[in-house]
Each structure stands twice: as structure tokens, then as C-alpha cells.
Amino acid sequence: MRVSLVIAALSSFMLAAGASAAPTAPLPPDGAAANLAVPRVGADGQFETPNRSHSALETLWHLRAALNVAALNCTGEAAEHIVADYNALLVERRLALAAANTAVEAGMKARHGESWQEQHDADMTRVYNFFSQPPAQRDFCIIAEQVAYEARTVPEAALADFAAARMAVLEAPFLAFYARYHAYRVALNRWQAGQPGQTAAR
């Protein structure tokens with residue numbers, strides 16, 4: 001009788017241990033929400049962001065927006081450097097930035113006619129929101145500090161080309177986050193289908 005009770009107790013313990021070891025649902029990376037909307041992947045296999053398919057001057061205006069976000073959102077010693085370099089950039093490269101703004105507005109007017117201002121405001125809101133995404137802020141601020149410093153050393157005539165080359169660098173933390181989030185969704189779908197493959201939150 002005692003043997004039977006011992007075997008029964010061991011069986012119950014093993015079942016409980018097995019249940020506790022069952023794979024859990026994957027977690028979103030970087031503390032992101034489980035239902036976060038991320039850009040879709042284009043035909044070229046790249047995430048579609050509000051900074052793609054623009055001229056060098058238009059990209060310069062987006063770079064200014066990115067550094068503006070960094071100056072407002074980043075913290076610590078890096079923030080002090082970004083704010084100083086960003087404010088200096090606005091003064092020292094004002095002609096190039098004015099040309100960039102003119103190019104952006106001209107493109108909007110050509111594409112949207114009388115509704116250009118409304119569309120322009122909506123597009124720039126998307127740009128600011130893109131660079132403000134919390135899951136990528138830590139890495140973005142590190143990169144923004146370097147880009148803000150470099151931007152001040154570039155001759156004004158070369159600033160648009162500099163922006164076109166550096167936009168990919170500024171976007172990198174966000175694209176890396178999107179890739180992690182995509183992997184999370186794949187793992188979640190597999191888990192829901194009974195094919196465990198947990199993605200650890202970063």
C-alpha cells in the first residue's frame with residue numbers, strides 16, 4: 001500500500017514538473033507591445049520607412065528631424081553633445097537646411113497641390129514618430145551623437161550627400177528592432193500552432 005502511494009506521489013510530481021517546463025508563449029522584444037504595427041517589407045526585402053525614396057536634399061531634412069528627436073529625447077552626457085551639435089548645425093548650416101526645406105515643400109506642392117501643407121505635416125509627423133520609437137532609443141542615441149558631431153564637420157555644399165549616406169546608419173537601430181519583432185511574430189505563430197520556438201525578449 002505504501003509503495004503504491006509513493007509511486008502515485010512520484011507520478012504526480014513528474015506530471016507537475018513536466019507541466020511547469022512546458023514552453024511558454026514568446027515575448028515581444030525590447031519591451032514592445034504585443035500588437036505593435038511595424039512597416040511592411042517591400043518588394044526589395046527591406047522594411048518600408050518614411051525615409052526611403054527621397055532626394056538627397058529631402059533626406060537632409062529628414063536627418064535634421066532625426067537629430068531634433070535625439071536632441072529632445074536622448075539623456076545623459078550624450079544628450080548634451082547632441083543638443084550642442086544640433087543647435088550649432090542649425091546656425092552653421094542654415095543655408096543647406098533652408099534649401100532642403102524648400103526642396104521638401106516643392107515636392108509636396110507638385111504631388112499634392114493645394115493640400116500639400118496637410119500632407120507635409122502628416123509626413124513629417126511620421127518621420128518624428130519613427131525616430132521616437134522607444135524600443136530603439138538606446139542604440140539610436142549612441143548613433144545620433146556621432147552623426148550630429150560629424151554633420152558639423154561636413155562642408156555645407158556636401159551636407160545633402162552626407163545625409164543620404166548617413167540615413168541608413170540612423171535607421172539601423174529601428175530596422176534591427178523590426179527584424180527582432182518579425183522574428184517574435186514568427187515564433188508566436190509557431191507556438192500558437194503547437195510548434196514551440198520561443199523568442200526571448202531582449
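This is a predicted model: local features need pLDDT of at least 70, side-chain atom pairs count only at pLDDT 80 or more; totals for chains, interfaces and linings use all residues.
**Exercise 1.** Find what joins Arg180 and Asp30, and state where each residue lies and whether each is buried, partly exposed or exposed.

Solution. 
1. The side chains of Arg180 and Asp30 form a salt bridge, with 3.0 Å from N to O.
2. Arg180 belongs to helix α7, residues 159-192, while Asp30 sits in the loop between α1 (2-20) and α2 (56-73). The two residues are 150 residues apart, and the pair links distant parts of the chain.
3. Buried means under 20% relative accessible area. Asp30 has 19%, so Asp30 is buried.
4. Arg180 has 25% relative accessibility and therefore counts as partly exposed.

**Exercise 2.** Describe the salt bridge between Glu150 and Arg166, and explain which parts of the chain the pair ties together.

Solution. 
1. The closest N and O atoms of Glu150 and Arg166 are 2.8 Å apart.
2. Glu150 is in helix α6 (residues 137-153) and Arg166 is in helix α7, so the bridge ties together parts that are 16 residues apart in sequence.
3. Glu150 is buried, at a relative accessible area of 18%. Arg166, at 27%, counts as partly exposed.

**Exercise 3.** Classify Arg40 and Glu48 by accessibility and give the distance between their closest N and O atoms.

Solution. 
1. Arg40 and Glu48 form a salt bridge, and the closest N and O atoms are 3.3 Å apart.
2. The cut-off for exposed is over 50%. Arg40 has a relative accessible area of 58%, so Arg40 is exposed.
3. Glu48 has 31% relative accessibility and counts as partly exposed.
4. In total, the structure holds 8 salt bridges.

**Exercise 4.** Work out how α2 and α5 are oriented to each other, and name residues that make the contact.

Solution. 
1. The axes of α2 and helix α5 (residues 116-131) come within 9 Å and cross at roughly 45°.
2. Angles under 35 degrees count as roughly parallel, and 65 to 115 as roughly perpendicular. α2 and α5 are therefore oblique to each other.
3. The crossing of α2 past α5 is right-handed.
4. On α2 the contact residues include Trp61, His62, Arg64 and Asn68; on α5 they are Met124, Val127, Tyr128 and Phe131.
5. By type, the residues of the contact of α2 with α5 are 8 nonpolar, 2 polar and 1 charged.

Notes: Residues are numbered from 1 along each chain as its sequence is written. Side-chain values use heavy atoms; hydrogens and water are left out. A salt bridge is a side-chain nitrogen of Lys or Arg within 4 Å of a carboxyl oxygen of Asp or Glu. Helices (H or I, at least four residues) and strands (E, at least two) are DSSP runs, numbered from the N terminus. Buried means under 20% relative accessible area, exposed over 50%, partly exposed in between (1.4 Å probe, protein chains only). Axes are lines fitted to C-alpha atoms, for helices over the stretch in contact, and angles run from 0 to 180 degrees between N-to-C directions. Angles under 35 degrees count as roughly parallel, over 145 as roughly antiparallel, 65 to 115 as roughly perpendicular and the rest as oblique. A crossing is left-handed if the near helix is turned anticlockwise from the far one by less than a right angle, and right-handed if clockwise. Contact means heavy atoms within 4.5 Å. Ala, Val, Leu, Ile, Met, Phe, Trp, Tyr, Cys and Pro count as nonpolar, Asp, Glu, Lys and Arg as charged, and the others, Gly among them, as polar.
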